[in-house]
Amino acid sequence: MNSVQKLTKLFSDFPGIGPRQAKRFVYFLLTRDNEYLGQLVELVEGLKRDVSVCSECYRYYPKNVSKTNICPTCADPNKDKSKLLVLARDVDFEHIEKTGVYDGYYFVLGGSVPILDKDPEKRIRLRELSRRIEKDSIDELIVAMNANPDGENTEEIVRSYLRPITELKNITVSTLGRGLSTGVELEYSDSETLKSALEGRRRSQF
Ligand SMILES: [Zn+2]
């Protein structure tokens, strides 16, 4: 394989990028000057060095904003400690924050679970979430997944995995009100829709 083919293959691994788009990226890079390419290489190399994973919510955050291994959101004492909102991915965090209606803490699962997946514990942070709930005093757990089959499946897995502990600790588990149209990912929902989905969340005891 030559460089064009190798790089195309690498870009095809990116979420939502097919081989045709991947090839367009490669040809785009070929049209750029060395300065641009140098900057790109430098940023990619520094990414893991400059970005940390929060030990509480598992979100990525820039290292320089915190001396500890906790992100600024988790370190904020003014948040409502009784609420924990569970997200599939980092990108969903900003969208929830933008609505301005949620004032509690977060937890990032690290993905969603496709239907028929045999080993969800390997795919998402179920054990870590369970430990987090054990250690904190939470009244409400909001499971905010995408309104698609994988999201609904993940919601159900989270709910049943945590059932022993949510029952024991009398924690309300709620899900987003489906103002969100079916099939739409949180990432692509507008702020107003997401806001009403959060406000109209459905609560159930475990
Ligand atoms: Zn955090």
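What is the handedness of the crossing of α7 and α8? In this predicted model, the crossing of these two helices is right-handed. Helix α7 covers residues 126–135 and helix α8 residues 149–168.

A search of the whole structure gives 13 salt bridges. In one of them, Lys 79 pairs with Glu 97, with 3.7 Å between the closest N and O atoms. Lys 79 belongs to the loop between α4 and β3, while Glu 97 belongs to helix α5, so this pair ties together parts that are 18 residues apart in sequence. Lys 79 counts as buried because its relative accessibility is 14%, under the 20% limit; Glu 97, at 31%, counts as partly exposed.

A salt bridge also joins the side chains of Lys 83 and Asp 103, at 2.8 Å from N to O. Here strand β3 holds Lys 83 and the loop between α5 and β4 holds Asp 103, so the linked parts are 20 residues apart in sequence. Lys 83 is buried at 18% relative accessibility, whereas Asp 103 is partly exposed at 37%.

Arg 123 and Asp 117 form a salt bridge with an N to O distance of 2.8 Å. Arg 123 is partly exposed at 42% relative accessibility, and Asp 117 is partly exposed at 23%.

On the surface, Phe 28, Tyr 36, Leu 40 and Val 44 form a nonpolar patch with about 340 Å² of accessible area together. Helix α3, residues 34–50, gives the most to this patch, with three residues. Tyr 36 is found in helix α3 and is partly exposed, with a relative accessible area of 34%.

How values were computed. Residues numbered from 1 in each chain as written. Predicted model: local features only at pLDDT ≥ 70, side-chain atom pairs only at ≥ 80, totals over all residues. Heavy atoms only, no water. Patch = residues over 30% accessible without salt bridge, like charges linked within 9 Å, V, L, I, M, F, W, Y side chains within 5 Å. Areas by Shrake-Rupley, 256 points an atom, 1.4 Å probe, with all protein chains shown as cover. Salt bridge = Lys/Arg side-chain N within 4 Å of Asp/Glu carboxyl O. Helix = DSSP H or I, 4+ residues; strand = E, 2+ residues; numbered from the N terminus. Buried < 20%, exposed > 50% of the residue type's maximum accessible area, 1.4 Å probe, protein only. Axes fitted to C-alpha atoms, helices over the stretch in contact; angles between N-to-C directions. Left-handed = near helix turned anticlockwise from the far one by under 90°.
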